[in-house]
Amino acid sequence: MIGRHKHCIALADYSREEILEVLDLAVSMKEVLQRPIKKVPSLRGKSVVNLFFEASTRTRSSFEIAAKVLSADALNWTSASSSVTKGETLIDTARNLEAMRPDVLVIRHSAGGAPQLVAEHVGCAVVSAGDGAHEHPSQGLLDCFTLREKLGTLEGKTVAIVGDISHSRVARSDIHAMTKLGARVRLCGPPTMMPAGVEALGATVHYQLREAVEGVDAVVMLRIQHERIGDPLIPGTREYSKLWGLNAKKAAEWLRPQCVILHPGPINRGVELSPEVADGPQSVILDQVQNGVAVRMAILYLLAGGNPADAGEAKA
Amino acid sequence: MIGRHKHCIALADYSREEILEVLDLAVSMKEVLQRPIKKVPSLRGKSVVNLFFEASTRTRSSFEIAAKVLSADALNWTSASSSVTKGETLIDTARNLEAMRPDVLVIRHSAGGAPQLVAEHVGCAVVSAGDGAHEHPSQGLLDCFTLREKLGTLEGKTVAIVGDISHSRVARSDIHAMTKLGARVRLCGPPTMMPAGVEALGATVHYQLREAVEGVDAVVMLRIQHERIGDPLIPGTREYSKLWGLNAKKAAEWLRPQCVILHPGPINRGVELSPEVADGPQSVILDQVQNGVAVRMAILYLLAGGNPADAGEAKA
Amino acid sequence: MIGRHKHCIALADYSREEILEVLDLAVSMKEVLQRPIKKVPSLRGKSVVNLFFEASTRTRSSFEIAAKVLSADALNWTSASSSVTKGETLIDTARNLEAMRPDVLVIRHSAGGAPQLVAEHVGCAVVSAGDGAHEHPSQGLLDCFTLREKLGTLEGKTVAIVGDISHSRVARSDIHAMTKLGARVRLCGPPTMMPAGVEALGATVHYQLREAVEGVDAVVMLRIQHERIGDPLIPGTREYSKLWGLNAKKAAEWLRPQCVILHPGPINRGVELSPEVADGPQSVILDQVQNGVAVRMAILYLLAGGNPADAGEAKA
């Protein structure tokens, strides 16, 4: 249970307090990850099923590690090997899995709304690991966690999100969470990749990278999907990189020295980020990966009803 | 050890008492699955290898969960990623796996007889998770478990099994187990899908659905394999559905109100079962899924030599 | 830590004493595998990630079982399902995985040198599970373990390695380890598969199988890669088998009765080994498989910093 929520599907539905509940718990969880023995019994006897309809070793592994550190059992169910290839519907798959009595279903699906649909048909907790271009809530939470860790707070800070805003579930979750935590959000990308009316979410829209990143406290560089390169939305990789990519020269000239750079990964090196920037001192990209495990531990813990006594241990 | 059996390969070889031994133990196992902490130490330090030469996330996951609830380690070995693609024989693969000292090998293979062949060449226990059109013993046992749970007993009950009897390993295991537990079995399907001489197994043969299901206590609707639709055996999906599918109208007119409906899954919605029936009050399909975990826990427990002290705990 | 080593990448870099450290510990580990309860808490709370860029269920499963017997968590990351398909670099993948805080990364890659490259960019221990035609250190160690077990010692013994020496990482690791432990090594294969100047590693070169195997204490028959058959290196399978394969007749006439036969698996039955020889009394191939788990337990234990108190238990 996160605040009023039995599931973790969309940060649009979360209040500031509910978001902070996860982030605060994740601080304790990260501390567990620093120990030589990275294991607490908090979710012993609980089980987490990863139901992935899109390939994603990275996010799946993050949830799997989070479950195992908490002593939960983790089971992977990927679409390539599943009954989905036999024509079973999403809801049938989910209800069948639920009948095996997991405590949490973690779902990634190419269709926006799929996790919500599943949540309406099963009794267990549902966590979205990304659905279409809708939301990727655990990514939004780990981005906020990383910003709190690096900047102290999001209150009064400015964050630029750069890339294909239209197709980015990361952008959507980031905007919801960051604005609720008091940050100002600037969106930047090619006009063909900027959704109409996105200002309604409380962000400003920019088409020049320089204008978007000057003076900000953090930049989130989104991954450009290879499959979109060359389609009418972007003429080509070189063009994109030249206008909206960040390299060492632009970073040195346009960014404040203390500005941090995030990326949800995997990076297209040389496209949205040059290697010097991706591996440079302003990059917090690997912090994001580790924080992702901590945040997902917090989410699983809250939804799977971790044992309060063990929680004490996790926090000890 | 189930009765005299070191393996679980074919219900044709099991006596009534040996079947009941599994079903009785599965009652305790199901009780474990209802607990908030679904974990007992019964098979701690034991290991179960799932060796699947046919895709089946559903059955594999059921065995994997069963192993983990009992605290056994579970390892998945699927043919797509295995040395089988390098030309290794089935027996070589199995003997190599056995050399890694698992306690139970769970095998699914497209060739009938493969698990028996493996059992003759390894020292550990072998469980068939379905072999060709031969048998699928854990499915037969979970179907009987579900019927005992819903009907009290199989003694004197009548069960109709409907579909492609010829190619169904589920049908074969069901017939063996159900008749041994005292049920009368009616088989129904297109004449092209009815094996010659199947009456020798103790079942009656019907070609009209109405005749087969009237007055029965349970109906097992088999899955029609998509790859058989359109081949000479069935003219088409619509034709099959019209003659041998079950929809709300037929169910209301032909079935007794207390008759339960089973399906091994995954369902072809609109073909062998209409959605109204699959999700209706007579359907026990999701019970079957959960009972499948309980029955597989019982099988693994009996074959892997669970600790009697822990068994006490599992039953407590 | 094995001797001075934080990683296990190349036996070329290991001293005799460092090799013996692993083999001695593996004796205790093998004893654990013989117990009814094959589980020790030595690496509880540690995690091992299998990062495989080449299909290998066999080696991956061996490492996975080794990790689980020691109570470590094991996570599989295979290239087919990974971000590598999204264009991420090897180092990015490894550093991302490392950010999730595993204790050991086990890497298989088609490019020689890949594990070393990764080791230079991550903080955790790296174990090579085979890289290109470079080395396969755990295989070399398990082969030596098996020879010590069967022959008592390698000191003063003679071992023939037969097959495609040029492309064999197994041969390379075997040569390094066996010569350091005092064995004489003879290499045999088609001239097109014999690397120039290999004598510099301390082995003798032979082109006639009979000459190579007469009087030896052990023969390691390498697997012929199907993809090389028919290319200019070998005219065909039958030709290869006739000249460099071992069948019952050749084994009876040319080998000493106490000579043992090894093969890294999977076997091409009828090519490098006839079934009679592969399954015959001189074959120790299945011993190798089990010893592989024990040796990998020792490697993981030493690199992941197993608890000395638990080590006592493992040895007890």
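In the predicted model, 7 residue pairs are in polar contact across the interface of chain A and chain C, with both residues of each pair at pLDDT 80 or more. On the side of chain A that touches chain C, the elements giving two or more residues are helix H2 (57-69) and helix H11 (285-303) of chain A. Of the elements, H2(A) gives the most to this side, with 8 residues. Sorted by class, the side of chain A that touches chain C holds 10 charged, 9 nonpolar and 8 polar residues.

The contact involves 27 residues from chain A and 23 residues from chain C. Between these two chains, an area of about 2400 Å² is buried, and carbon and sulfur atoms give 50% of it. Chain A and chain C are also joined by 4 salt bridges. One of the salt bridges links the side chains of Asp279(A) and Arg95(C), with an N to O distance of 3.6 Å.

Chain B contains an open sheet of 4 strands in the order E2-E1-E3-E4, with parallel pairing. Strand E2 (73-78) and strand E4 (125-131) of chain B stand at the edges; each has a single partner strand, so one side of each is left without a neighbour in the sheet. From one strand to the next, the twist averages 15°. Strand E1 (residues 47-52) of chain B pairs with strand E3 (residues 104-109) of chain B in the parallel sense, over 5 bridges. Leu51(B) has Ile107(B) as its bridge partner in E3(B).

Note on methods:
Residues numbered from 1 in each chain as written. Chains lettered and ligands numbered in written order. Predicted model: local features only at pLDDT ≥ 70, side-chain atom pairs only at ≥ 80, totals over all residues. Heavy atoms only, no water. Contact = heavy atoms within 4.5 Å. Buried area = accessible area lost by both parts, 1.4 Å probe. Polar contact = N/O pair within 3.5 Å; in protein donor to acceptor, adjacent residues only side chain to side chain. Nonpolar A, V, L, I, M, F, W, Y, C, P; charged D, E, K, R; others polar. Pairing = 2+ DSSP bridges. Axes fitted to C-alpha atoms, helices over the stretch in contact; angles between N-to-C directions.
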